[in-house]
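Dear colleague,

I am handing over the structure that we spoke about, and my notes on it follow below. Please read them with the model open beside you.

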Amino acid sequence: MVDKTSLKYVTWDEIHKALAVLSRRVRETFKPDILVAIAKGGYIPARILSDFLNVGEIGFVEIKFYKEIGKTRERPVVYQFSLRNIEGVNALLVDDVVDSGRTLQTATNLLSNFGAREIRSLAIYVKKWSPVLPDYYWEVSDKWIVFPWEICETAREVGGGNLPPEVGVVEHCY
């Protein structure tokens, strides 16, 4: 069982604030033609960023690396992707967290192989031990980040009784 002190709970307000600031940083230095969410953690941040950045196209690449909290596969595996022809376009890869950086590297390589002109990356959080940093990120952490869109998933893994009361919706997860 995961110790709840090793978890960091993030609110919707914190997510919106972080993505608003990150979108300003992106606008100052890069003009993406498409956002590519690294699924599944990057889906929701990519959708919010598409609104902030006024980018209408969102693709995705589903890469599995984690099996459960703190446990990874031997290597990241690309399961599926949905992208238009990205040859010659500027792509912004979006994920929620960069931990080892291996998923981000796998996604970057995939987009490069498909001919993207320029690829930049954005993650809300980066683990302090990550050897890979995205081009844009909000905060460095050594905790397991729990996003508002994965409360039930976390509750099932750590046991709902181990979550702090402010999480609130755990009773709806079973």
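**Aromatic pairs**

Counting rings of Phe, Tyr and Trp (its six-membered ring) as a pair if their centres lie within 6.5 Å, the total comes to four aromatic pairs. One of them joins Trp-12 and Trp-149, with 5.6 Å from centre to centre and 50 degrees between the planes, which makes the pair tilted, since planes under 30 degrees apart count as stacked, over 60 as edge-to-face and the rest as tilted. This pair links distant parts of the chain, 137 residues apart, with Trp-12 in helix H1 (residues 12–29) and Trp-149 in the loop between strand S8 (144–146) and helix H4 (151–158); helices (H or I, at least four residues) and strands (E, at least two) are DSSP runs, numbered from the N terminus. Trp-12 is partly exposed at a relative accessible area of 39%, and Trp-149 is likewise partly exposed at 22%, where buried means under 20% relative accessible area, exposed over 50% and partly exposed in between (1.4 Å probe, protein chains only).

The rings of Tyr-43 and Phe-60 have centres 5.8 Å apart and planes at 65 degrees, so this pair is edge-to-face. Because Tyr-43 lies in helix H2 (residues 43–53) and Phe-60 in strand S3 (residues 58–68), the pair ties together parts that are 17 residues apart in sequence. Tyr-43 is partly exposed at 38% relative accessibility, whereas Phe-60, at 18%, counts as buried. Trp-12 and Trp-149 also belong to one aromatic cluster with Tyr-125 and Phe-147.

In helix H3, the residues Thr-103, Leu-104, Ala-107, Leu-110 and Leu-111 are buried. Seen down the axis of H3, the buried residues fall within an arc of 125 degrees, so they line one face of the helix, the arc being that of the directions from the helix axis to the C-beta atoms. Just after H3, Gly-115 takes a positive phi of about 90 degrees.

Arg-120 lies in strand S6 (residues 118–127). Leaving aside neighbours within four places in sequence, Arg-120 is in contact (heavy atoms within 4.5 Å) with residues including Thr-29, Phe-30, Asp-135 and Tyr-136.

**How to read the values**

This is a predicted model, in which local features need pLDDT of at least 70 and side-chain atom pairs count only at pLDDT 80 or more, while totals for chains, interfaces and linings use all residues. Residues are numbered from 1 along each chain as its sequence is written, and side-chain values use heavy atoms, with hydrogens and water left out.
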